[in-house]
Structure formats: C-alpha cells, structure tokens
Amino acid sequence: MLKKSNVLTLPHENTLRDYTKFTSTQSGWNTDVIDRAILDFSILDDPLKQNISLLFDEVKVKSGLVYCSESGRLIGFCDLGSVNNDIQNFCINESETSEPGIASHIMTIMIRGIFSNLECVVAHYPCKGFTSYQLFWIIWHGIGILEKYGLIVRALVCDGATPNRKFYRIHGQNQDLCYFTNNEYGDEINLYFICDAPHLMKTTRNNFENSGWNNKTRNLMLNGKPIKWSQIVTLVEGDIHGMGLRLLPRISYEHLHLTPTLRMRVKLAVQILSSSVANALQLKGNPETESTQLFIRMFDKFFDCLNVSNTKSGIFQRKPTCAPYTNINDWRFKWLEEDFLKFLTKWEQEGENQADLSKKEKKQLCLSRETLEGLRITVKSFVELGKQLLLLPNVRFLLSEKFNQDPLEEYFSKQRGMGGFCDNPTVGQFQNNALKLQVANAPAVMASTRGNCQTRQNAQPIEAPLSKRKHKRH
C-alpha cells in the first residue's frame, strides 16, 4: 500500500541487501570497515581525531558449525590469524591427538577515538581463548594496518585477564612493572597499556566480598583494623529495616548477595565502593570501620578520576574529581601517582611486615596481586599519556572515560539483544549481526539497560552515504 501510494518510496530488497553486505563477514582485520569509519567520522580532516585507543576483549558464543552458501565454507572453526593458524596447524600435524578446534569465544577488537566519537569494531577472531603470544601477533599486525591509514594508536585497553597481563609483560622482560612500550610504527611515540578501570572496580569489590564472606579467601586488614564485607551487610540491613529515611536508598539486596551474573555488573560494584557508603559508615560512629571507610573513599576517588565522561559531570555531581582534565598540572595526576599508589604500597607492605603469619596469610591481608598490578599499570599509563595528550596543539580538555571498555561491553550487549530470547549467538550469527550493526551505526543503537555497564547517551546518526556491495562483472 505504501509503495503504491507514492508517499514513501522504499528501495528494493536487493538494494537493501547490497547495503548490509557491503563487505565480507570473514574474520580478521576488515579494511572496508576501517575505510568507512574514517570517512564517516572525517578522521583525516583533523590531526587530533587521528589519536585512538585499541580495545579488545572476548565474548562467549555458541559452539557449532554452519555452512555458508556465499563462501562455500564451514563457519565455526577457530581462526587465530594467518601466523597463529600456521603454528596451530604445525602443532596439529606433530600431535596425532590434536584436532582443529571449534570456537567457543570471539576475540573482538574496537578502535575508539580519544578526541572524537569514533567507536567501531574493526576485527574479530573466533577462538577458544587467546594466549599472550597469539595476542602479540594480531594486535601488532592491526596496529600496522591502522598506522598506514594515518591513525595513531596511543593505548591498548583490555581487562585484567591473565593472558592480557602476560601480553603486557612480553614487552618488558626486565621490568618489574611494564606499562608502556615503543610504538614501532610511530615516530618516537609510546604505546601505553591500560587495564579497564570498571573491571578493576569489580575485582576490587570481589576481593572485598571475599573478606570474611562468600569464599572467605581474603582477610583484608588496613592500619590494624579489619575490612569486612559483613560490615556493609550489617549497615545496609539496618538501613533497610530501620525507621525513617534511608541513608543508602540505591543499595539493595542485589548489591550484597551477588550471583555470577550480578558480579559482572559494574554499577553494583561502583555503588558499594562509593562515598555515600563511606559517609553512612562514618555516621554510625563504629571505630572498627575506619579502615573500611578509608578503603572505600580511596577507590571512589580513583574511579572518579578515571571515569570523566563529559565536560559537565563535575558540575552536575558536585565533585571536582569528575571535571575534565585541562592542563598537565591537574591535581588529580599527582594524587593518582603519589597518594593512591603510595596507599597501595603501604597497605601491601603492612601485610608483609606481619611476622607471626605464613606467606599465604600475609597475602590475604591485601588485595590480590593481579588487582594491584592492574591498578598500578592503569595509573602510571594514564598519568603519563594524559600529560602527553594535553600538550598536543589545540587540545582544550581530556576525558579519562575514553580509556575504558564501556563501548565494547555495549557492543556485546547489542549482539546478544539481536537474537531475541537466544542471547548466545553462534559465530555465523555474530558475523552477520556485526554487518547489520555497522550499517545501522552501532553507537546510535540502544544497548540493553541490564547490561554489564551503565547505558550511555546514544550517538548522533551519521549522515555520510552508506557503502554498497560492488557486483562483479562477468
């Protein structure tokens, strides 16, 4: 009826199919997507827009093989890149028991503009899980491709998983803490490693939860006083069942009694480690919670410093720590590098100086080694990189939220949401959905409000013309 009325002219189905199939769905680095991202966001028109960070993470998918009629291939096998595949095939030929693996995860790589709204997934690899040496090849191979397009990769952002931290350590074999390396494709430019700040807040909260609670693998102690999860449980339960107005109206049962799914949600971790909880503990006046108050306040300020998302957040939240960075003498750089890191070092040394405890018991008095390493890497990288970026010409401010993984987590949420009730896509479905999201402008698509991270404001639609599949002439 619409087509016959001539009120709304709709394109033919074949035309729409050409738009959604403007490039192949094969794994690896997709240069067609990079070309389109550079055109859509006018990256080459402004030197500042050429500064980007590289985000990478794995997402769980449904294992299985699917026949692709377009390529004539079976989709679902692991594809780790040409070099890694050759090494894998050599190992299979040498071992009679080894077989080609069927992918259970997809390593997804996104580029994100530091001074622009660029957010685009440019590569993916079906896998069973990447090792640090496999990551080394695909990441540096991608950096080389991006540098040829005129983009400057300033930072690598990922979570604190063991292969990722080992990948960082490969670049500094003789260093106690490796947080940067020389960018071989850039002119005297360092490439900084950053562990995702929201992920660090979750691991810190998990250490806190396990202190005398849940798994009871921690016994956190600071300044001779305990840091116990039971202190928060007592506080919140008394607040819920007490008379009058609540001190902590945002803290609910879900914050205290965490399931595996709830532990993945950043919001629940950040709200527990917030100044509101520390103020409520202080109001109760229990001297045994003084160390818990200090611990919560330090991590609340740490997250505020590394989660500045817009120029007005400091005014709206009435927090100086949430204001944008405008010069290299910003007091937060000094606080992070001196006060916060010294706080962690003092806390760690306090546990090591306990003479009447075993080595294992000493380690339980502080945060886990992995969390401490991630915190130090992130702080040192952000402080040095932030000062370098603020010295660039025409830079008015810097937003620290540009160095976290929220856009990638939202992308995974959109991928799961495109399957309806089936929120675990196969490799083939993931690849097809990736093209659809690319055509629909993925940043402008609404992510699930129940995702692992807080939903951000949608980006503006891109007005650049869509790319179209080119038909081969016979």
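Which residue does the side chain of Arg369 meet in a salt bridge? The partner is Glu370, with an N to O distance of 3.3 Å, where a salt bridge denotes a side-chain nitrogen of Lys or Arg within 4 Å of a carboxyl oxygen of Asp or Glu. Arg369 is exposed at 54% relative accessibility, whereas Glu370, at 32%, is partly exposed; here buried stands for under 20% relative accessible area, exposed for over 50%, and partly exposed for values in between, computed with a 1.4 Å probe on protein chains only. In total, 14 salt bridges are found in the structure.

The model is a predicted one, in which local features need pLDDT of at least 70 and side-chain atom pairs count only at pLDDT 80 or more, while totals for chains, interfaces and linings use all residues. Residues are numbered from 1 along each chain as its sequence is written, and side-chain values rest on heavy atoms, with hydrogens and water left out.

Two further pairs can be described in terms of their surroundings. Glu348 and Arg376 form a salt bridge through their side chains, with an N to O distance of 2.8 Å. This pair links distant parts of the chain, since Glu348 lies in helix 14 (residues 331–352) and Arg376 in helix 16 (residues 369–390), 28 residues apart; helices are DSSP runs of H or I with at least four residues, strands are runs of E with at least two, and both are numbered from the N terminus. Glu348 is partly exposed, with a relative accessible area of 26%, while Arg376 is buried at 17%. In the salt bridge between Asp330 and Arg332, the closest N and O atoms are 2.8 Å apart. Asp330 is buried, with a relative accessible area of 11%, and Arg332 is likewise buried, at 2%.

Helix 7 (residues 197–209) comprises 13 residues and should span 18 Å at 1.5 Å a residue, which agrees with the 18 Å between its end C-alpha atoms, the expected span being 1.5 Å times one less than the number of residues.
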